[in-house]
Amino acid sequence: MNSTQIHSKTTKMNCTMCLVAIIVGIALMGSVEGTGGPCWKSTPDNEAMKLAPCASAAKDENAAVPESCCYQVKVIGHNPSCLCAVFLSDTAKNSGYDPKIALTIPKRCNFAHRPIGYKCGRKLMRFLSC
């Protein structure tokens, strides 16, 4: 093989590796950002349905918070933008929850690391700044 053939093979290999890296990068971005908006590949309304065990605790600050509720809040809470979208979803609004009380659930679940003062949406800023 002469130097021109070696250079041609090296260039083709580099182009192929670059293309593979771009495809993998796009795939990884899709898996992190998701295709369904702030809640990965789901919708905020579907994620809100997962919070059904929290219904009574989100309406009554004296109600016990079930472990299943704490689990779901923790899972969704790993993505604050999704949690915000869920909080503002039609499903959540139609459930009759009290936003002031719902915001106490992470504390009532004894989460050591919870966002304090996180603002999501104009409607909730007054609740979250309290």
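**Loops, disulfides and the core**

Modeller: Let's start with N110, which counts as exposed because its relative accessibility is 66%. Exposed here means over 50% relative accessible area, buried means under 20%, and partly exposed is in between (1.4 Å probe, protein chains only). Before we go on: this is a predicted model, where local features need pLDDT of at least 70 and side-chain atom pairs count only at pLDDT 80 or more, while totals for chains, interfaces and linings use all residues. Residues are numbered from 1 along each chain as its sequence is written, and side-chain values use heavy atoms, with hydrogens and water left out.

Colleague: Thanks! Where is N110 found?
Modeller: N110 sits in the loop between α7 and α8. Helices are DSSP runs (H or I, at least four residues), as are strands (E, at least two), numbered from the N terminus.

Colleague: And what is the phi of N110?
Modeller: Phi of N110 is near 60°, a positive value in a residue other than glycine. Most residues other than glycine have a negative phi.

Colleague: What about W40, what is its phi?
Modeller: W40 has a positive phi of about 60°, and it is not a glycine. You'll find W40 in the loop between α1 and α2.

Colleague: Is W40 buried, exposed or partly exposed?
Modeller: W40 is partly exposed, because its relative accessible area is 29%.

Colleague: Which residues does N79 touch?
Modeller: N79 touches P38 and W40, leaving aside residues up to four places away in sequence. A contact means heavy atoms within 4.5 Å. N79 itself lies in the loop between α3 (67-77) and α4 (80-87), and N79 is buried, with a relative accessible area of 14%.

Colleague: Switching to cysteines: how many disulfides does the structure hold?
Modeller: The structure holds 3 disulfides, each being a pair of cysteine sulfur atoms within 2.5 Å. One of them joins C39 to C82, at 2.1 Å from S to S. That pair links distant parts of the chain, 43 residues apart: C39 is in the loop between α1 (3-33) and α2 (44-49), and C82 is in helix α4.

Colleague: Why is the disulfide of C39 and C82 called right-handed?
Modeller: The torsion about its S-S bond is about 105°, so the C39 and C82 disulfide is right-handed. Both C39 and C82 are buried.

Colleague: Which cysteine does C54 pair with?
Modeller: C54 forms a disulfide with C69, with their sulfur atoms 2.0 Å apart. C54 lies in the loop between α2 and α3 and C69 in helix α3, so the pair ties together parts that are 15 residues apart in sequence. The C54 and C69 link is right-handed, with 110° about the S-S bond.

Colleague: And the link of C70 and C109, left-handed or right-handed?
Modeller: The torsion about the S-S bond of C70 and C109 is about -90°, so that disulfide is left-handed. C70 is in helix α3 and C109 in the loop between α7 (105-108) and α8 (122-128), 39 residues apart. Both C70 and C109 are buried.

Colleague: Last topic: how many residues has the largest nonpolar core?
Modeller: The largest nonpolar core has 21 residues, and V65, V73, V86 and I105 have the most contacts inside it. The elements giving two or more residues to this core are α3 and α4. A nonpolar core is a set of buried Ala, Val, Leu, Ile, Met, Phe, Trp, Tyr and Cys residues joined through side-chain atoms within 4.5 Å.

Colleague: Which residues does V65 touch?
Modeller: V65 touches A57, C70, I105, R108 and C109, not counting residues up to four places away in sequence.
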